[in-house]
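The tour goes stop by stop.

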Amino acid sequence: MLTPTEQPGAGPSAEVSTTAAASLAQVWAVFVPIDLAQVFPRGSGPIPAVVGTSDQTGPWDVVGSARRVRLADGTSVREAILASAPCDGAPPSGGRARFAYRVDGFTGPLAALTTAAFGEWTFVETAPDRTEITWRYAFTPRSALMAAPLSALIALFWRTYMRRGIENVRRLAEAG
């Protein structure tokens, strides 16, 4: 769960889970440096595919590192890491790992609906070579009037985008 300093305002959210036939160490080793274009090669409705990232400020498992995510429609968003356990290249221990981040700086249509989004991935090794992966996402509406259209967008398109993404992470982790 997000800590109090990471908590988004009350807003629309979604959660998806899957289980990978891979150890936590293998899942984490694939997840941290993962190419987002492999995770999101297709869009969902008005949500575009990811074509790449740029302007990364540090290792992608260090709190404070940020990058710009480039989308297929020419828009982009900014991601910044809020939490990573383990971090700084360390392998997971204790059968758990966690990664949380903030998304803001929307340049596309979502900019009219939201000011920020908060993502959190948790990984729990439930057995040798078996890892449960959960991805939570919460949006902060730009205003009270934008909460309903943002909720509809999440229900109609964002959950599908998340399901595809988490399954691509699972598939890539299992492939090692």
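A pocket here is an open set of points on a 1 Å grid over the protein atoms alone, where a 1.4 Å probe fits, with protein on both sides within 12 Å along at least five of seven lines. Grid points are joined across faces, edges and corners, and the volume is the space filled by probe spheres set on the points. The model is predicted: local features need pLDDT of at least 70, side-chain atom pairs count only at pLDDT 80 or more, and totals for chains, interfaces and linings use all residues. Residues are numbered from 1 along each chain as its sequence is written, and side-chain values use heavy atoms, leaving out hydrogens and water.

**Stop 1: the largest pocket**

Select Leu71, Val77, Tyr137, Trp158 and Tyr161. Of the 37 lining residues, these lie nearest the pocket's centre. Lining residues have an atom within 4 Å of a point. The space inside is about 560 Å³.

Now colour by element. Helices (H or I, at least four residues) and strands (E, at least two) are DSSP runs, numbered from the N terminus. At least two lining residues each come from α2 (36–39), β3 (66–71), β4 (76–85), β5 (96–104), β6 (114–127), β7 (130–141) and α3 (147–175). α3 gives the largest share, four residues.

Colour by class next. Ala, Val, Leu, Ile, Met, Phe, Trp, Tyr, Cys and Pro count as nonpolar, Asp, Glu, Lys and Arg as charged, and the others, Gly among them, as polar. The lining has 30 nonpolar, four polar and three charged residues.

**Stop 2: α1 against α3**

Select 24–31, helix α1; its axis is 9 Å from that of α3, at about 115°. Axes are lines fitted to C-alpha atoms over the stretch in contact, with angles from 0 to 180 degrees between N-to-C directions. The two helices are therefore roughly perpendicular, a term for 65 to 115 degrees.

Show side chains. Gln26, Val27, Val30 and Phe31 of α1 meet Val169, Leu172, Ala173, Glu174 and Ala175 of α3. Contact means heavy atoms within 4.5 Å.

**Stop 3: two loops**

Go to proline 86, in the loop between β4 and β5. Its peptide bond from alanine 85 is cis, with omega near 10°.

Finish at aspartate 55, between β2 (50–54) and β3. Aspartate 55 has a positive phi, near 60°, and is not a glycine.

Terms used: Angles under 35 degrees count as roughly parallel, over 145 as roughly antiparallel, 65 to 115 as roughly perpendicular and the rest as oblique.
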